[in-house]
Amino acid sequence: MVDVRKHKSNTANRKVVMGLSGAALAMLALGFASKPLYDAFCRVTGYGGTTRVAEQMSEIVTERAIKVRFDANVASNLGWTFKPEDVAITVKLGQNALAYYTATNDSEYPIVGTASYNVSPIKAAPYFSKIECFCFTEQRLEPGETVSMPVLFFVDPLLAEDTRLDEIKTITLSYTFHKVERPSEKPNTAVERQAQLKKLEAIDLEIPKQTNTPANTKNNTQINQQGRG
Amino acid sequence: MSDHKPKFFTRWLFSTNHKDIGTLYLGFAIISGLLGGYLSFLMRLELMEPGIQYFSNPHDFAMFASMHGLIMIFFLVMPAVIGGFGNWFVPLMIGAPDMAFPRMNNLSFWLLPVALICSVISMFVPGTTSGNGFAGGWVMYPPLATSGHPGPAFDFVIIGLLAAGFSSIFGAINFITTIFNMRAPGMTIHKMPLMAWSVLVTSWLLLLSLPVLAAALIMLFTDRTVGTGFFDPAMGGDPLMFQHLFWFFGHPEVYIMILPAFGIISHIVSTFSRKPIFGYLGMAYAMVAIGVVGFVVWAHHMYTVGMDVDLKAYFLAATLIIAIPTGIKIFSWLATMWGGSIRMTIPMMWAQAFIFLFVIGGVTGVYLANAGLDTAVHDTYYVVAHFHYVLSMGAVFGIFAGFTYWFGKMSGYLYNKWLAAAHFWFFFIGVNLVFFPQHFLGMQGMPRRIVDYPDEFAYWNYVSSIGAIVTLVGVAFFLIWLVEAFIVKRKAPDNYWGEGANTLEWTLSSPPPFHQYEVLPKIK
C-alpha cells in the first residue's frame with residue numbers, strides 16, 4: 001500500500017522537478033542572453049540614446065532647423081585631449097552635415113582608443129543617422145599626434161512627424177573615448193584617416209531642392225551592427 | 001518506530017526532517033541577524049554625532065552598510081521566513097509527512113553557512129586600496145564592483161551570493177513540488193492555508209528571479225577576472241545593463257521577503273479574532289497578483305539613470321498598480337478583525353504593529369514610485385526609511401509575530417509573557433525612533449552610505465541613534481525570553497491558543513512527533 005503511493009508520487013515529483021528546473025535554467029539563459037538582446041533592443045528603439053547608421057546620404061531637406069551640439073569626453077585612463085572643432089552647428093532636417101573633432105595623444109606611447117556615443121534627448125536617437133563616423137573603428141594615435149576626426153550625419157526629416165519631439169530644438173551628440181586594452185588587427189592610423197578625410201571632403205553635401213513631403217521618401221536608415229547601447 | 005529520533009550529529013548535520021531543518025534555518029537566521037544588527041549598531045553609533053568617530057575611513061563605513069544589507073536580506077529574512085517557517089509549517093499545514101525532497105532540503109540549508117562564511121571572509125580581505133571588504137552597496141553596481149574593487153573581497157561576496165542563490169532555488173523547487181504533489185486528501189489548492197499560498201508564490205518568484213541574479217553575478221565575475229566586457233563601455237558593454245539585471249531580480253526579491261510575512265500575519269489575525277480570514281480567495285490571488293506585477297516594475301529603482309520619459313511613465317503606473325492588491329490584503333486583515341473577538345496576545349501585538357507600520361512603509365513607497373519626486377529623494381535617507389519600514393518593521397515584525405505564535409508548537413515550551421511583551425515594546429519604540437526621523441533627514445537631502453554629514457542633520461541623527469540603543473534593549477529581551485523558556489520548560493499544550501487556531505498544525509502535539517501524519521488527515 002505504502003509502496004504504491006510512493007511510486008506514484010515519485011513519478012509526479014519528477015515531472016514537476018523537470019518543469020521547474022527547466023524554468024530556472026531558462027531564466028539563467030535569459031540572463032546571459034540579455035547582452036545581445038539588450039544591444040538589439042537599444043539599436044531598434046534608440047533606448048539609451050543609441051543612434052542609427054544610414055547607408056546613403058539624405059536626399060530631402062525640410063525647412064525645420066535644429067541645433068546639434070557636440071560633446072566630447074575622455075576616459076580617465078586614456079591620455080588624450082579630445083574636443084569638437086565647433087561646439088554646435090545648426091542644420092535643417094535632412095541636411096547632410098560634416099563635423100570634426102580633434103584628438104591629441106598627450107602621452108609618450110601610441111594608444112588605441114575607441115569611442116562610445118549616444119545622443120540626448122534620448123527620444124531623438126532613432127532620428128539621428130550617421131553615415132560615416134570615426135567611432136565606427138578603433139583609432140590609433142602616435143605619441144604627440146593630433147588628428148581631425150570627421151562625422152557625417154543627418155537628422156532624419158521623419159522627426160518632424162513625431163509629435164513627441166515637437167519641442168526639440170537641440171540635439172546633443174556625445175562621444176567618450178576609451179582605451180582599448182587589446183586592439184583589433186587593424187585600428188585606423190594616419191594613413192587610413194587621411195584617405196577617409198579626403199573622401200569625405202570630396203562628397204557633395206548639397207541636395208537639390210525638392211518639394212516632396214518627408215513621408216513618402218523615407219531615408220534609408222539601417223540598424224547599426226556595432227551599436228553600443 | 002513512531003517517534004524514533006536519530007542521535008545528535010546524525011540528527012542535526014545530516015538532517016532530512018523538515019522540522020529539524022526549519023529549526024536549523026531559524027537558528028541560522030538568529031545568528032545572522034545578530035551579526036547584521038551588530039554592523040548596523042556600529043553605523044548608528046558613528047552617525048550619532050557629526051564627524052568621524054569610530055570608523056577609520058569612509059570605505060569601512062560603506063563596507064559595513066553593504067554587508068549589513070546583504071546579511072540581513074540573504075541570511076536573516078530569507079532563511080527565517082522561507083527556510084524557517086516555510087519548512088516548519090508548510091508540510092504541517094497541508095497535511096504532508098515531510099517535504100518532497102528531504103535530502104535536497106538538507107543541501108539547501110547547508111549551502112547557507114558556506115555562503116555566510118564567504119561573505120564574512122570578504123570583510124577581512126583587501127577590497128580597494130583604502131581598505132578591506134566590499135563597499136559597493138548591496139546593489140553591487142559596476143564599475144565600482146569591477147574596476148573599483150580590484151581586491152579579492154568582492155569575489156568572496158559573489159561566491160557567497162551564488163551559494164545563497166542556489167540554496168534558495170533548490171528550496172523553491174522543493175516547496176513548489178511539495179505543495180503541488182503532497183497535499184493531504186481533500187486539501188484542494190483553494191482550501192490551502194494562506195501561509196502555504198504565500199510560500200508557493202514566493203517560491204515561484206525565487207525560481208524565476210534568482211537565476212537572473214546568478215547570470216549577472218557570473219558576468220560581473222568574468223568582467224573582473226577573465227577580462228570580458230559585459231558591463232565595460234570601453235569594450236562595448238553597458239554598466240546600465242547590470243542595473244537592469246540586478247533589479248529584475250531585486251524587485252521580486254522585496255516581495256520574496258514580505259509575502260511569507262503576509263501569510264504569517266493572516267493566520268495570526270484570524271486566530272486572535274476568532275474568525276476565518278476575510279476574503280480568503282482575494283487574499284490568495286492578491287499575493288499572486290503582487291508576484292506577477294512585481295516582475296515588471298523593476299526600473300523604478302533606476303529613475304535617475306537617464307531614462308526616456310515615456311518609460312518612466314510606464315514604470316510609475318505599473319508600480320502604483322501594486323498598491324491595489326496590497327490594499328486588498330490590508331483591508332482584508334482589518335475586515336477579519338472587524339466584529340471579531342480580539343485577544344491582544346504577544347503575536348497579535350506584533351501583527352497589529354506589522355499592519356500599522358507596513359502601511360506607513362507602503363505609503364512612502366507609493367510616494368517614491370513617482371519618478372519626479374524620486375529624482376529629488378533618490379539615494380537619500382528617505383529611501384532608507386521607506387525600505388526599513390517595510391523590511392525591518394514589515395518582514396522582521398512578521399518573523400517575530402510568527403516566532404511568538406509558533407514558538408510553543410516548535411519547542412514544546414511556553415515563553416514568559418512579560419519578557420516577550422518587553423521585547424515587543426522596546427523593539428517597537430526603538431525601530432520607530434531609528435527610522436521615523438530618517439524621513440526628515442532624507443527630505444532635507446542627507447545621502448545614504450555616507451560616514452559623515454553636515455551639522456544641520458545632527459539633531460535627527462542623534463534621535464535615530466538613541467532609537468538604536470532602545471532597539472538593542474529589545475533584542476536583549478528577545479534573547480532573554482528565548483533562553484528563559486528553555487530553562488524553565490513550561491510545557492505547551494497541543495493547541496495553546498485555543499479556539500481560532502484551526503489549521504492542521506494545532507491538531508498535533510507540541511512539539512509535533514518526529515514523523516507526523518502516518519495516517520494522512522482528511523480535509524472536508
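**Exercise 1.** List the residues that B:Lys191 touches, not counting residues up to four places away in sequence.

*Solution.* Step 1: a contact means heavy atoms within 4.5 Å. Step 2: on that criterion B:Lys191 touches B:Gly186, B:Tyr280, B:Ile523 and B:Lys524. Step 3: B:Ile523 is 332 residues from B:Lys191 in sequence, yet their C-alpha atoms are 8.8 Å apart.

The model is predicted: local features need pLDDT of at least 70 and side-chain atom pairs pLDDT 80 or more, while totals for chains, interfaces and linings use all residues. Residues are numbered from 1 along each chain as written, chains are lettered from A and ligands numbered from 1 in the order written, and side-chain values use heavy atoms, without hydrogens and water.

**Exercise 2.** Classify B:Lys191 and B:Phe9 by relative accessible area.

*Solution.* Step 1: buried means under 20%, exposed over 50%, and partly exposed in between (1.4 Å probe, protein chains only). Step 2: B:Lys191, in the loop between α5 (153–181) and α6 (194–225) of chain B, has 42% and is therefore partly exposed. Step 3: B:Phe9, in helix α1 (residues 8–13) of chain B, has 58% and is therefore exposed.

**Exercise 3.** Describe the secondary structure and contacts of chain A.

*Solution.* Step 1: helices (H or I, at least four residues) and strands (E, at least two) are DSSP runs numbered from the N terminus. Step 2: chain A has two helices and eleven strands, in the order α-β-β-β-β-β-β-β-β-β-β-α-β. Step 3: among contacts in chain A between residues at least 6 apart in sequence, 82% join residues at least 24 apart. Step 4: of the 229 residues in chain A, 46% are buried.
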